[in-house]
Amino acid sequence: MITVTEATATAGALKRLSDEGVSIWLDDLSRKRIESGNLAELVENKNVVGVTTNPSIFQAAIGSGEGYEEQLTDLAVRGVTVDEAVRMMTTADVRAAADILRGVYDATDGRDGRVSIEVDPRLAHETAATIAEAKQLAWLVNRPNVMIKIPATKAGLPAITEVIGLGISVNVTLIFSLERYREVMDAYLAGLEKAAAKGLDLSEIHSVASFFVSRVDSEIDKRLTVLGTDQALALKGKAALANARLAYEAYEEVFSGERWTALTGARANKQRPLWASTGVKDPAYKDTLYVDDLVAPGTVNTMPEATLNAAGDHGEITGDTVTGGYAQARADLAAVEALGIAYDEVVQQLEDEGVAKFEVAWNDLLATVSKSLDSKGVDAE
């Protein structure tokens with residue numbers, strides 16, 4: 001349990017972050033976190049106003065078995081398939097979390113209080129199946145504050161447009177490149193235009209674009225270390241921040257342009273940049289690096305709990321640390337390229353790996369649930 005003193009100290013740094021226009025979301029969810037009251041505590045005491053999930057998070061939560069036994073028994077008795085069992089458990093968690101965050105959703109007119117759930121990662125390269133899955137997930141969760149996560153693959157882009165056009169709020173995930181990010185924003189605007197043509201209320205449609213951070217440093221730092229020169233080593237830890245800052249510059253450009261202006265009269269909402277993968281991978285870096293140095297108005301930072309706690313304990317929130325750094329960001333990425341590290345190759349590799357990792361986690365989850373159902377004497381196939 002969080003003490004009054006701890007809550008006050010933590011709330012100070014996190015409140016400063018919120019006051020700068022950064023929405024703090026938790027990048028984790030489990031049945032235990034819901035039923036213990038922990039999620040409600042984080043909302044109450046640590047300025048958490050949203051939750052993101054992904055296949056790896058659910059694999060860890062359900063794989064632990066904690067809190068899922070009763071539901072697994074019921075599902076086994078019903079003789080459901082493994083895929084159906086997984087969806088029943090994950091959507092139940094998202095529905096419960098959405099109920100906990102409903103007050104935030106109402107207080108912010110739908111801007112926050114959001115809980116995200118991802119389409120089956122095995123569908124990442126199938127547009128029609130992704131659209132169908134997104135519609136099904138929205139129906140299953142059946143909460144106004146759910147966001148459906150769609151990966152920013154080439155096949156995902158038209159799915160984003162179609163799903164937004166249906167009036168379903170979307171969290172676009174696995175964005176690594178600046179070019180793909182612009183395509184994501186374009187897909188969102190196209191979706192809003194489709195929704196408007198159908199007479200839908202655009203003020204009810206929200207979206208975030210999840211731009212991944214730490215994985216960029218992990219890959220580029222690895223390549224810089226192999227080069228080993230003083231010039232290369234001096235660039236370690238700079239690429240991810242540079243990439244994210246230039247993404248925010250692109251966001252400012254797109255959401256001040258003519259196409260966007262035409263939608264503002266219909267009360268459309270901007271698609272906010274969301275900083276994802278903000279847990280620091282390299283212990284040589286400050287554990288709040290991707291929080292302190294990515295402060296900008298109108299953004300979301302989704303954090304694993306360790307990063308949330310670190311930011312609350314010793315985060316250094318000194319105001320906007322993004323908008324004044326575009327020239328330096330371009331220079332940093334150019335310096336990396338000049339050393340022979342190809343940006344386009346790195347970001348495509350990271351996208352491919354991201355999709356593959358989520359698919360592996362999902363398959364592991366299916367295997368775990370299948371074993372649990374079988375242990376209860378029911379054929380899960």
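Guide: Contact here means heavy atoms within 4.5 Å. This is a predicted model, in which local features need pLDDT of at least 70, side-chain atom pairs count only at pLDDT 80 or more, and totals for chains, interfaces and linings use all residues. Residues are numbered from 1 along each chain as its sequence is written, and side-chain values use heavy atoms, with hydrogens and water left out.

Visitor: Which residues does Lys 149 touch?

Guide: Leaving aside residues up to four places away in sequence, Lys 149 touches Thr 53, Asn 54, Ser 116, Ile 117, Glu 118, Val 119, Asn 171 and Thr 173. Lys 149 lies in strand S4 (residues 146-151); strands (E, at least two residues) and helices (H or I, at least four) are DSSP runs, numbered from the N terminus.

Visitor: Why is Lys 149 called buried?

Guide: Buried means under 20% relative accessible area, exposed over 50%, and partly exposed in between, with a 1.4 Å probe and protein chains only. Lys 149 has a relative accessible area of 5%, so it is buried.

Visitor: What does the side chain of Lys 149 reach at 2.9 Å?

Guide: It reaches the backbone oxygen of Thr 53. A polar contact is a pair of N or O atoms within 3.5 Å; within protein, one must be able to donate a hydrogen and the other to accept it, and residues adjacent in sequence count only if both atoms are side-chain atoms.

Visitor: What does UniProt list for "active site"?

Guide: The unreviewed UniProt entry lists Lys 149. UniProt positions are given in the numbering used here, feature names are shortened, and annotations may be inferred rather than shown by experiment.

Visitor: Why does Arg 223 count as buried?

Guide: Its relative accessible area is 18%, therefore Arg 223 is buried. Arg 223 is in helix H11 (residues 214-227) and touches Ile 341, Glu 345, Val 346 and Gln 349, not counting residues up to four places away in sequence.

Visitor: What makes helix H9 largely enclosed?

Guide: Eight of the 10 residues of H9 (residues 156-165) are buried, so the rest of the structure largely encloses this helix. Among the buried residues are Leu 157, Ile 160, Val 163 and Ile 164. Their cover includes helix H8 (127-141), S4, strand S5 (170-175), H10 and strand S6 (207-212). Just after H9, Gly 167 has a positive phi of about 90°.

Visitor: What makes the radius of gyration agree with a compact globule?

Guide: The radius is taken over C-alpha atoms, and the globule rule is 2.2 Å times the number of residues to the power 0.38. With 381 residues, the rule gives a value near 21 Å; the protein chain has 21 Å, so the two agree. Of these 381 residues, 56% count as buried.
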